[in-house]
Amino acid sequence: MEQVLREEIRNFIQASPDNRFTDSQHCYFDEPLIGFAAAEDSLFSDLKHIIGEFHLTPGEVLNQACGCREDEAKTVICWVLPITEATRKSNRAAQKMPSREWAMTRTFGERFNTLLRIQVSNLIHSIGARVAAPLLTGLWRPVMDPRIGMASTWSERHAAYVAGLGTFSLNDGFITDRGIAHRCGSVVTDLAIPATPRTCPDPWHNCLYHRNGSCGLCIKRCPVGAISLEGHDKEKCQAHVYGELRRTAGQLYGVMETGCGLCQTAVPCEARVP
């Protein structure tokens, strides 16, 4: 079943017209990275302490979405959708707001990511297994936590970390073998699939600054000073992305969600582990 899922995800990304800009044949995303995490992995329980008690375990997701016992959850299927070179190149030149291609990828590329969640879920349903995509079940919600600030009840990036797909970065991004410029997705199922090994020695290994203190270029790329050597100011970042950019870039490009992505482009980790 692991190989079937890998092929289904890759084929859908390659063939779907929804993975293409409406005014060209250029894709939003390149070939994906795919990983599998054991639902019983202790890291999922650890996230209740690292992020907050509100963060759901895979068992809680499947229990609340499907009504099964928590211990019946077996696997979290995770993917990373790398943003194409052409879009990344367009965003490298940006200084104050994202490029048009980046904004279109944030809006329509994420809509495609939703279709991919549905596609994977339908495949799993078709063989009689249970499945839930946390972002499609109504279980996902943002949380303002007094200890860590902005968070949510399910983190696609943290699930991808448990599935061995990469590590975290100074700017709170997620650096994979294909870099930091991407979108993530996941579903939880009672199918038992072998877990992907985690090979990095710590949760920040792929970030040059955390590894040896030799980088920090994402600090200079942030147009509002939301990144420092102390980390990422989520509230300042979100005020810019969901406030200022909705009014400026959003009106210019005709979409509400433009993202920003300046700290994910023109940096050493843009498309690889530096």
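**Close-up views of a predicted model**

**View 1. Ile148 and its contacts.** Ile148 touches Ile50, Ile51 and Lys234, not counting residues up to four places away in sequence; contact means heavy atoms within 4.5 Å. The model is predicted, so local features need pLDDT of at least 70 and side-chain atom pairs count only at pLDDT 80 or more, while totals for chains, interfaces and linings use all residues. Residues are numbered from 1 along each chain as its sequence is written, and side-chain values use heavy atoms, with hydrogens and water left out. Ile148 is found in the loop between β4 (142-145) and β5 (149-152); strands (E, at least two residues) and helices (H or I, at least four) are DSSP runs, numbered from the N terminus. At 28% relative accessibility, Ile148 is partly exposed, a class that lies between buried (under 20% relative accessible area) and exposed (over 50%), with a 1.4 Å probe and protein chains only. The C-alpha atoms of Ile148 and Gly52 are 8.4 Å apart in space, and the two residues are 96 apart in sequence.

**View 2. Phe36 in strand β1.** Phe36 lies in strand β1 and is buried, at 0% relative accessibility. Leaving out residues up to four places away in sequence, Phe36 touches Glu2, Leu5, Arg6, Thr75, Val76, Ile77, Ala163, Ile193, Pro194, Ala195 and Thr196. Between Phe36 and Ala192 there are 9.8 Å from C-alpha to C-alpha, at a separation of 156 residues in sequence.

**View 3. Phe174 in strand β7.** Phe174 is found in strand β7 and counts as buried, with 1% relative accessibility. Its contacts, aside from neighbours within four places in sequence, include Arg157, Ala160, Tyr161, Leu165, Phe168 and His182. Phe174 and Glu53 are 121 residues apart in sequence, and their C-alpha atoms are 22 Å apart in space.

**View 4. The second largest pocket.** The second largest pocket has a volume of about 250 Å³. Of the 16 residues in its lining, Gly164, Leu165, Gly166, Asp177 and Thr199 are the closest to the centre. The elements that give two or more residues to this lining are β1 (33-38), β6 (166-168) and β7 (174-176). By class, the lining has seven nonpolar, seven polar and two charged residues. Here Ala, Val, Leu, Ile, Met, Phe, Trp, Tyr, Cys and Pro count as nonpolar, Asp, Glu, Lys and Arg as charged, and the others, Gly among them, as polar. On a 1 Å grid over the protein atoms alone, a pocket is an open set of points with protein on both sides within 12 Å along at least five of seven lines, a cavity is a set where a 1.4 Å probe fits but cannot get out, and lining residues have an atom within 4 Å of a point. Grid points are joined across faces, edges and corners, and a volume is the space filled by probe spheres set on the points.

**View 5. The largest cavity.** The count comes to one cavity of 30 Å³ or more. About 110 Å³ of space lies in the largest cavity. Its lining has 14 residues, and Cys207, Leu208, Cys215, Cys218 and Cys269 lie nearest its centre. The lining divides into 11 nonpolar, three polar and no charged residues.

View 6. The buried residues of helix α4 (residues 85-92) are Thr87, Arg88 and Asn91. Seen down the axis of α4, these residues fall within an arc of 100°, so they line one face of the helix; the arc is that of the directions from the helix axis to the C-beta atoms. The face turned away from the buried side carries the exposed residues Ala86 and Lys89. Among what covers the buried residues of α4 are α5 (100-126) and α8 (217-221).

View 7. The model has zero disulfides, a disulfide being a pair of cysteine sulfur atoms within 2.5 Å. For Cys27, the closest cysteine sulfur is that of Cys184 at 18 Å, too far for a bond. For Cys78, the closest is also in Cys184, at 8.3 Å, again too far for a bond. Cys27 is partly exposed, at 22% relative accessibility, whereas Cys78 is buried, with a relative accessible area of 0%.

View 8. Phi of Asp172 is near 75°, a positive value in a residue other than glycine. Asp172 lies in the loop between β6 and β7 and is partly exposed, with a relative accessible area of 28%. Ala266, also not a glycine, has a positive phi of about 60°. Ala266 is placed in the segment after α10 (249-253) and is partly exposed, at 37% relative accessibility.
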